[in-house]
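Please describe how this chain is put together, from the order of its elements down to individual side chains.

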Amino acid sequence: YQPHGLIRSYTVKTKHIPCHEQEVPRGTHAQTHDGNDLGEIEEFLVESTSGQITHIVLRHGRLWHHKSLVLPGSEIDRIEEGTVYLKRDKKDVITPVLRGP
C-alpha cells in the first residue's frame, strides 16, 4: 500500500525503427563527396505509398544568412551515425543553386 501522494508516474517514449533502418534526426550533418560540410538536414520528403525518400531539404549557411537546398534523394551515398554522405562534390551542388535557372 502506498499513500496517494507518493505514487509517481513516468512517461516512457519508445521509438519503433524497423530492423536495418536508421533514424536521421533534424540537424544531422550532410557532407559532400569531397569531405565538405554542406549543412544540416531539415527534412526528408517521402513518397507516401513506398516510403522511399524522394528529396532532402538541407539548411545551408549561417544562422541569419542561410538557404534551404532541395536535393533529390538519389544524391544520398550512405548514412552513418550522425552524418548523411552525398554523392556529389560541394561545387557541383552549390554552383547550380547560385546560378539559378
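Read along the sequence, the chain runs β-β-β-β-β-β-α, which amounts to six strands and one helix, where helices (H or I, at least four residues) and strands (E, at least two) are DSSP runs numbered from the N terminus. The model is a predicted one, in which local features need pLDDT of at least 70 and side-chain atom pairs count only at pLDDT 80 or more, while totals for chains, interfaces and linings use all residues. Residues are numbered from 1 along each chain as its sequence is written, and side-chain values use heavy atoms, with hydrogens and water left out.

**The sheet**

The six strands form an open sheet of mixed pairing, in the order β4-β3-β2-β1-β6-β5; two strands are taken to pair if DSSP finds at least two bridges between them. The edge strands of this sheet are β4 and β5, each of which pairs on one side only. From one strand to the next the twist averages 35 degrees, with axes being lines fitted to C-alpha atoms (for helices over the stretch in contact) and angles running from 0 to 180 degrees between N-to-C directions.

Strand β6 has a parallel pairing with β1 (residues 29–31) over three bridges, and an antiparallel pairing with β5 over four bridges. Threonine 83 in β6 stands opposite histidine 29 and also opposite glutamate 80, whereas tyrosine 85 in β6 is the bridge partner of arginine 78. Strands β5 and β6 form a hairpin with two residues between them, and glycine 82 in the turn has a positive phi of about 85 degrees. From β6, Thr83 and Tyr85 point one way and Val84 and Leu86 the other way, and all are buried, a term that means under 20% relative accessible area, with exposed meaning over 50% and partly exposed lying in between (1.4 Å probe, protein chains only).

Of the 101 residues in the chain, 22% are buried. The chain exposes about 8,200 Å², of which carbon and sulfur atoms supply 52%; these accessible areas come from the Shrake-Rupley method with a 1.4 Å probe, and for residues only the protein chains shown count as cover. Among contacts (heavy atoms within 4.5 Å) between residues at least 6 apart in sequence, 33% join residues at least 24 apart.

Leaving aside neighbours within four places in sequence, leucine 38 is in contact with residues including Leu58, Leu69, Leu71, Leu86, Val93 and Ile94.

Glutamate 75 is found in the loop between β4 (66–72) and β5 (76–80), and it counts as buried because its relative accessibility is 14%. Arginine 88 lies in the loop between β6 and α1 and, with a relative accessible area of 29%, is therefore partly exposed.

| Group on arginine 88 | Partner | Distance |
|---|---|---|
| Arginine 88 side chain | Glutamate 75 side chain | 3.0 Å |

Arginine 88 and glutamine 31 are 57 residues apart in sequence, and their C-alpha atoms are 9.4 Å apart in space.

Glutamate 43 is found in strand β2 and counts as partly exposed because its relative accessibility is 39%. Residues up to four places away in sequence aside, glutamate 43 touches His55, Ile56 and Val57. Between glutamate 43 and arginine 59, which are 16 residues apart in sequence, the C-alpha to C-alpha distance is 9.3 Å.

How values were computed
A polar contact is a pair of N or O atoms within 3.5 Å; within protein, one must be able to donate a hydrogen and the other to accept it, and residues adjacent in sequence count only if both atoms are side-chain atoms.
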